[in-house]
Amino acid sequence: MIKNYLKIAFRNLERNKFYSFLNIIGLAAGICVFMLIAQYVVFERSYESFIPDRANIYRVSLQSYRSNQLILATAQNYPGVGPEMKNEIPEVINYARLLNMGYRNNIVITNENAKPNPIAFNQRKFLYADASFLSMMSYQMAAGNASSALAMPNTAVISEKYAKMYFGKEDAIGKTLRLQDDDLNDQLVTVTGVFKNLPSNTHLKFDVLFSYKTLFSDDKSRQRFDQNWTRENMFTYIRLRPGTDPKIVEGKLAAITNKYRTPLNQGNEKQRLSLQSLSDIHLYSDLAEEPEPNGSANTVFFISLIGIFVLMIAWINYVNLATARSISRAKEIGVRKVAGAFKHQLIFQFLTEAALINLLSLVIAYAMVVFILPYFNTISGLSLNISYLTKSWYIGLLFIIWLIGSLLSGFYPAWVLSSFKPVVVLKGQLKNATSGILLRKGLVVTQFMASVALIAGTFIVYAQLDFMRNRNIGMNINQVLVIARPGLTPGGRGDSAYNAAIDVFRNELKSSPAIEAVSTSMTIPGKQREYKETIRNTGTSSGGIIVRTNSMDNDFLNVFKMRLVAGRNFSKDYPRDPETSIIITESAAHLLGYTKTGDAIGKSVTLVDDRGKNRIIVGVVNDYHQVSLKKHLEPGMFYCALYGGGYYSVRININHLSQTILHVQQSWAKAFPGNPFEYFFLDDYFNQQYSNEQKFGKLFTTFAIFAIIISCLGLFGLSAFTATQRVKEIGIRKVLGASVINITAMLSKDFLKLVIIAVAIASPVAWLVMDKWLQDFAYHINISLWTFICAGLGAMFIALVTVSFQAIKAAIMNPVKSLRSE
């Protein structure tokens, strides 16, 4: 029987090639989009899935409040947190601390076994780690023992990638690495393990781990890094006993902070420790000092909705075309019923056809995914390969899509077709039921609602991205080349030899006319590290404002084209500026109580967090955004530091870019010999903060185009079938004098009405959804009515072109032929 059903199904496909093609291609495109999105969603939600005990592992975060205002929410905390939690909270089995030295961008690690020409790299993915870390996370080792590799001082484990970079094909175990930085740290360590390269679905990406005990070079260092409660620069991970409620553990953390942070808690500052589930960090955490930019749960949610919408649009196409064409199969059904076919047999027959079409669509969709995967990787930022398409969950999902698709898209048409009465059918009295026509119209409206919403959403996403990229952030970051300070420095930071090297670098750079200005600063725009200070007018004992701090030298304003609103810049003519002066932003001046910014000049402020030092305000500059427009602008303050910055910012003329970069490299080599030369452009660096939004925009646009194409395929098929059904009417109208335009308008207007209804319903829904998305940004566009007008006109134009093709084809047909055939 099944063989017979399949034979009939194949015959119907062959007999109706045009409609079969539309059904299969439409379904294939929808399934392809859904499967690509499924891979993206599964990957984004798979972070840390390779860690067996991830459900019991948590990261400890820290929130700081001043005067009940949250001033800092950070992923880092104090060295003493982990040991104290294990001692005081019985639910905590173990802890592991990580000191993130790589963020400083000034560490050089050298292969000491390669003398006289040691191999050196600037190392950004570098951490000091407790001995428990490797075994807690269950990282796979290529060589060495995870439990003991970091147990002793002056030991290290490295990734397979770096083992190859440093030692080539030689065995890395027992080899020596040397760490140097501009704090005069100079450490020799022995490689005791090599771990397998980390998968990309982890929020912790590192290549080099030094044992935490390496930091304990003396009693002072041990006190600083083992039980310290003043330096909040530590990642702390804990493992809880299975079955433990993390809320219970969080409830016990207040006692620990009160015990060790009493002086702060008695004043205006409060601190709170909390737990973050390891699996939630990537999508749900946006704290300061994150090891890397995290993803967004909202982005994953919206992309998931798009995938469901596109697949539903494809299934709707099938239902629409199958039910619309029911009349053309009526006699077949009537004859089969007269011959003794039961209703359940007919239903099974049409379900078999639906299953066959869904299966063929699935095969084509799989091939499309393989073909599109490289492009998808480009726009999504993932690194998926063909092996992902053979994973068990993927095959299982394909089967579920096939099964659900066959039932959803096949059951209603099967029920409608099998319900025809043979007497009515064979007498030729069958007409399209009103309920069926209304259903098809409703499905067309649903399709174009989704399409209009996606078109409008695309407009809004790109308008917001354009707004963020092009909004004036208060400084000019274009044509600014940035280099992190060197790790190998003569004498260390602050030493006269180091300062002299910086002067050499500056002078060498300025010897080229392509270099417009050079500056050094503690941080740069786009850097997420939080530097904040509480300041208040000297002489007042309470209150104060929280400002974001940075350092600048005499040329900072020239490099970043900032505007001096009042007062003066730092200058060599005022040699005591580094000890006595500050420059603040306009908003800081207003918050300090000065209506006119010029009134702040010459006034003294007290630095509450810096042992109550007093500084004189010598200048006021315009407000600027240190970080992205996703966060509110903050008042700022600048110290004067001619040499102590962490970054060198160079404003360049880009007319001869390659020669200019070569000049910068040569100047670097002369001033800081032995240091690897690495640079980046500041505008690219700053815009990396919008990487999630840019990725979202590309994915949104790509899949919106797919949705529109699939909707048009369905509309194309429906319009073709409608024209076929009305061929006699069209012939009579032409004989009576109707023009091609009249016929085209007649066939098109019904579909355009449906699109207009879809626009009317979709616009407010899209507005609500996209307005919610925009609320994640402190600064965002206002959604314009024109967005929906343009989206609606676009959808109408696309629908008109789609329908008109078939309408014009029917309208220009010779009426003699159409009437003769009838």
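I'll start with a cavity. Its lining consists of Arg-548, Tyr-624, His-625, Gln-626, Val-627, Ser-628, Lys-631, His-632, Leu-633, Glu-634, Pro-635 and Gly-636, and it is the second largest cavity in the structure. Bear in mind that this is a predicted model. The volume of this second largest cavity is about 70 Å³. Sorted by class, its lining residues come out as four nonpolar, five polar and three charged. In total, the structure has four cavities of 30 Å³ or more.

Now the chain as a whole. The protein chain has 822 residues, and 54% of them count as buried. It contains 26 helices and 24 strands. Taking contacts between residues at least 6 apart in sequence, 80% join residues at least 24 apart.

The rest of my time goes to one helix, H16. Helix H16 covers residues 496-510, which is 15 residues.

Which residues of H16 are buried? They are Tyr-498, Asn-499, Ala-501, Ile-502, Phe-505, Arg-506 and Leu-509. These residues lie on the same side of H16, because the arc they cover around the axis is only 155°. Ser-496 and Asn-507, on the other side of the helix, are exposed.

What do the buried residues of H16 pack against? Three of the partners are strands: E14 at 480-484, E15 at 515-521 and E23 at 647-652. Helix H20, residues 657-671, is also a packing partner.

Conventions
Residues numbered from 1 in each chain as written. Predicted model: local features only at pLDDT ≥ 70, side-chain atom pairs only at ≥ 80, totals over all residues. Heavy atoms only, no water. Helix = DSSP H or I, 4+ residues; strand = E, 2+ residues; numbered from the N terminus. Expected span 1.5 Å × (residues − 1). Buried < 20%, exposed > 50% of the residue type's maximum accessible area, 1.4 Å probe, protein only. Arc of directions from axis to C-beta. Contact = heavy atoms within 4.5 Å. 1 Å grid on protein atoms, 1.4 Å probe; cavity = no way out; pocket = protein on both sides within 12 Å on 5 of 7 lines; lining within 4 Å. Points joined across faces, edges and corners; volume = space filled by probe spheres on them. Nonpolar A, V, L, I, M, F, W, Y, C, P; charged D, E, K, R; others polar.
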